[in-house]
Amino acid sequence: MKSIPSLRVLLPLLAVSLLCAGCGRKAARTLGSAVAVEAAAEWITDTVGDMIASASAGATRSDVIELPDGMLKPASGYLWRFPEDPEDTTVVWNPGEAHDLYSYVVASESEGGWRPAMGYAWDYPDDESDFSVRPPL
């Protein structure tokens, strides 16, 4: 994710900006400016870093779908790696697996790729977002 590294670079600047805007004035008087700025910068960096980590941990995965009832299922083209373990949500790409939404479209050999089922052809082969196929002649 491009935004996370840039946030880590900007966090110390954010801390100083907050202190300059009035946040931490009491601490600055009590502990001294340099100590307060350093403490506030560390606290903000840790807090925002934890928030980023939490958000990343709960980020939506493209290989697993959450159903309305909260249950998870592998996305089209994927299978559970260990189907006997309900706690394990790792999936593996399964070439040849039928797409859930598009009839006669199956997972290709390369992960995330799709191809027409045997005997079918793309209606619009130059449009990667169009999954319509034409039947065999």
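**Working chat: loops, aromatic pairs and buried residues**

User: Where is M71 placed?
Analyst: M71 sits in the loop between strand 1 (64–66) and strand 2 (72–74). Keep in mind that this is a predicted model.

User: Which residues make the nonpolar surface patch with M71?
Analyst: I65 and L67 make the patch together with M71, and its area is about 240 Å².

User: Switching to rings. How many aromatic pairs does a search of the whole structure find?
Analyst: The search finds 5 aromatic pairs. One of them is W93 with W114, an edge-to-face pair with 5.4 Å centre to centre and 75 degrees between the planes.

User: Why does that pair tie together parts that are apart in sequence?
Analyst: W93 belongs to strand 4 (residues 91–93) and W114 to strand 6 (residues 114–116), so the pair links parts that are 21 residues apart in sequence.

User: Are W93 and W114 buried or exposed?
Analyst: Both are buried.

User: Which residues form one aromatic cluster with W93?
Analyst: Y78 and W114 form one cluster with W93.

User: And W122 with F131, why is that pair edge-to-face?
Analyst: The ring planes of W122 and F131 are at 85 degrees, and over 60 counts as edge-to-face, so the pair gets that label. The ring centres of W122 and F131 are 6.0 Å apart.

User: Does F131 count as buried or exposed?
Analyst: F131 counts as buried, because its relative accessibility is 19% and the cut-off for buried is under 20%.

User: New topic, S108. Where is it found?
Analyst: S108 is in the loop between strand 5 (105–107) and strand 6. At 11% relative accessibility, S108 counts as buried.

User: What does the side chain of S108 reach?
Analyst: The side chain of S108 reaches the backbone oxygen of S110, at 3.3 Å. Leaving aside neighbours within four places in sequence, S108 is also in contact with W93, P95, G113, W114 and R115.

User: Next, V105. Which strand is it found in?
Analyst: V105 is in strand 5. With 1% relative accessibility, V105 counts as buried.

User: What does V105 touch, not counting residues up to four places away in sequence?
Analyst: V105 touches E97, A98, H99, W114, R115, A117, W122, F131 and V133. For V105 and V133, the C-alpha atoms are separated by 7.7 Å, while the two residues are 28 residues apart along the chain.

User: What about the phi of Y104?
Analyst: Y104 has a positive phi of about 65 degrees, although this residue is not a glycine. Y104 is in the loop between strand 4 and strand 5, and at 46% relative accessibility Y104 counts as partly exposed.

User: Last one, R61. Where is its place?
Analyst: R61 is in the loop between helix 3 (33–57) and strand 1. R61 counts as partly exposed, with 35% relative accessibility.

User: Which side chain does R61 join in a polar contact?
Analyst: The side chain of R61 joins that of D63 in a polar contact of 2.9 Å. The R61 side chain also reaches the backbone oxygen of T89, at 3.0 Å.

User: And which residues does R61 touch, not counting residues up to four places away in sequence?
Analyst: On that count, R61 touches T89, T90 and V91.

User: How are R61 and A75 separated?
Analyst: The C-alpha atoms of R61 and A75 are separated by 9.3 Å, and the residues are 14 residues apart along the chain.

Terms used:
Residues numbered from 1 in each chain as written. Predicted model: local features only at pLDDT ≥ 70, side-chain atom pairs only at ≥ 80, totals over all residues. Heavy atoms only, no water. Patch = residues over 30% accessible without salt bridge, like charges linked within 9 Å, V, L, I, M, F, W, Y side chains within 5 Å. Areas by Shrake-Rupley, 256 points an atom, 1.4 Å probe, with all protein chains shown as cover. Salt bridge = Lys/Arg side-chain N within 4 Å of Asp/Glu carboxyl O. Helix = DSSP H or I, 4+ residues; strand = E, 2+ residues; numbered from the N terminus. Phe/Tyr/Trp six-rings, centres within 6.5 Å; stacked < 30°, edge-to-face > 60°. Buried < 20%, exposed > 50% of the residue type's maximum accessible area, 1.4 Å probe, protein only. Polar contact = N/O pair within 3.5 Å; in protein donor to acceptor, adjacent residues only side chain to side chain. Contact = heavy atoms within 4.5 Å.
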